[in-house]
Amino acid sequence: MGASRSSGTTDELGPDEDPGGGPPGCSPDPGPPAGEGEAPGEPPGSELLAALLDGMDAALCAFDAAGTVTHWNREAERVLGWTAHEAVGRAGFAGWAVRRADADEVRARLMSAMDAPGRQVHEFALLRKDGGRVLVRTQSAGVRGADGKPAGVYCAFSEVHAQIDLERAIALSEALLEDVSWGVVLVDVDLRPTVVNAYASRALGGGRTALLGRPLGELVVQGVEELEAALHHVLAEGAPTAPAELWVTLRTAEGERRRCWRSGFLRLASPLTEEPVPLGMGWLFRDVTAAKFAEQEADRLRFRTSQLHRAARTASECEDPMEAATTLLDFALAGFADHVLVDLVAGDPTAGGGLVRTAGTPTDGPGPCLPVAGGSIPVRYGPGHPALQAVERTGSVRTSAGAGASEGPAWATERRWPGDAAHALCTVLRSRGRTLGALTFLRAANRAAFERPDAAYAETVAARVAGAVDLAQVTAGT
C-alpha cells in the first residue's frame, strides 16, 4: 500500500529502482506522457487516489500488515493536527497519537479487523499534536491483497460528538417522518410533496405514497394560492420568523371540509456543496381548526353579550316601548344579520289572527329598524311560510335559498322578503304565555347560513323584544 499525504504526493520510485523487474532505470510501462496523466515515475492512479482520500469528509488512515501507517488524509490532519508527512511511515499510534499506556490495546483492536469479517466499530481517546485528547469513533476493516491474503487495515474515524450530532440529526428526521402529533411534508422546488408523514397523510386525505409528486392544487380546493405563496417565499427569502395560520378547504370522500393549519416552514439546502443548493422546503403543521372555532365562538359570544348589555341599558331610557323594541333590534343586528322584520298577530293574539308588518329595516339597503310608516301592513304569507311555521311551532325556523345564482331573488320575493336575502331565521315572539308574532332575521348571499347558536341568540333577543312589544300593546289599550 503506497503512502498518501495530504499534499497529494506519494512515495516515488527512484531512477534506479525497478518496479517491474526490468533493467535499472527502465520501466516496462513508462505511463502516459507528462501533462496527459500521472507524472513520470509515479505509480498509475496515485494522484487520483490521493485526491479521493483528501476529498473525503471522514478522517481516514490505513496500516499495512505490520501496523505501519500508509495513508493519512486531510480530515485526519484536521482532527488530530498531525500532517501526512508526520504520520505516514510511523509504526502505529504509539507515542504520538495514542498514550504509550494505551498503545498496545489500541493497536490490537485496530489490527484485529484485518482477520475479522465486515467492519468493526471502536471508540478511542487519541492525542492531538498540541497535546490535547479527543475521543473518536472508528470504523475499521481489513484490506486484502491481490493474492487474497490480509494486507492491512483501513480506519475511518470522526470525533464522537460530531458522530453523535449526526446520529441525532438522522434520528430526529426519522422520528419526524413517523407518526408524530404534527404533520411533516417535504416539498421539492416544484412544490410537489416528496415525503409525507402519517399525520400529514391523514390531514390531506390520502395515503403516504399516493400523495407524492402530486400538485398541491389536487389536494387543496381553496387556499392553495396562499400555501404556494408561502412556500415560494420560503424558497426565495428563507423561513418566516413566526408560524402562519392557513385556512384551506380540502376535498374528501365525505365532501369538502374547511380546516385551519398552523404552519411553520424551513428551507432545505444541501450540506454537500460549498454554495447552498436548494433541495426544497420542509412544511410542518398542526390542525388547529377546533381551537380556532372555539376562539371564534368565544369572541362571538363575548360580543353578543356586550351588545345585549348595551341594548338593555339604551332601551331602558326609551319612553315608548316600541322604540325600546326597535332599539334592541338595532343592537342585535350588528354582526348578526342584514335585515330584521317584526310581524305581529293582528287583533287579539289569543285568537290566532294573521300577521301584519309592524317594524323592519329598509328593503333596499342597510339602515335602522323603524316602525312601518302609516301603521301596520298585513303581509300575505303563503302556506308553509317560515314565519308562520315559527308561530305555529312556538320556536325557531332556519332556511336558505338554493345554490343557483338566479334562485336567490325569486326565493326572497316569493316569501315577501328583501331581494338580497338568501338566509333566514324566524323565531316566535311570546310574552306572558301568549304568542305576539314573529321576528325574522335575514342575511345576504355573501354571508354564512344561520346555525344553531344563532338561533339561541335570536331567541334571547326575541324574548326581550316581546316584552317591550307586550308593554306597548298594554299601554296602547289603557
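**Notes on the salt bridges**

1. Glu245 comes out partly exposed, at a relative accessible area of 35%. Bear in mind that this is a predicted model. Which residue does Glu245 pair with in a salt bridge? The partner is Lys292, and the closest N and O atoms sit 3.0 Å apart. That pair links distant parts of the chain, with Glu245 in strand β9 (residues 244-252) and Lys292 in helix α8 (residues 289-315), 47 residues apart.

2. Is Lys292 buried or exposed? Lys292 is buried, with a relative accessible area of 14%, so it falls under the 20% cut-off. Glu245, by contrast, counts as partly exposed.

3. Next up is Glu86, which forms a salt bridge with Lys129, with 2.7 Å between the closest N and O atoms. Glu86 lies in helix α3 (residues 84-87), while Lys129 is in the loop between β3 (120-127) and β4 (133-144), so the pair ties together parts that are 43 residues apart in sequence. Both ends are partly exposed: Glu86 has a relative accessible area of 24%, and Lys129 has 44%.

4. Then there's Arg214 with Glu218, another salt bridge, whose closest N and O atoms are 3.1 Å apart. Arg214 is partly exposed at 29% relative accessible area, and Glu218 is partly exposed too, at 41%.

5. How many salt bridges does the structure hold? The count is 21, and the pairs above are among them.

Notes. Residues numbered from 1 in each chain as written. Predicted model: local features only at pLDDT ≥ 70, side-chain atom pairs only at ≥ 80, totals over all residues. Heavy atoms only, no water. Salt bridge = Lys/Arg side-chain N within 4 Å of Asp/Glu carboxyl O. Helix = DSSP H or I, 4+ residues; strand = E, 2+ residues; numbered from the N terminus. Buried < 20%, exposed > 50% of the residue type's maximum accessible area, 1.4 Å probe, protein only.
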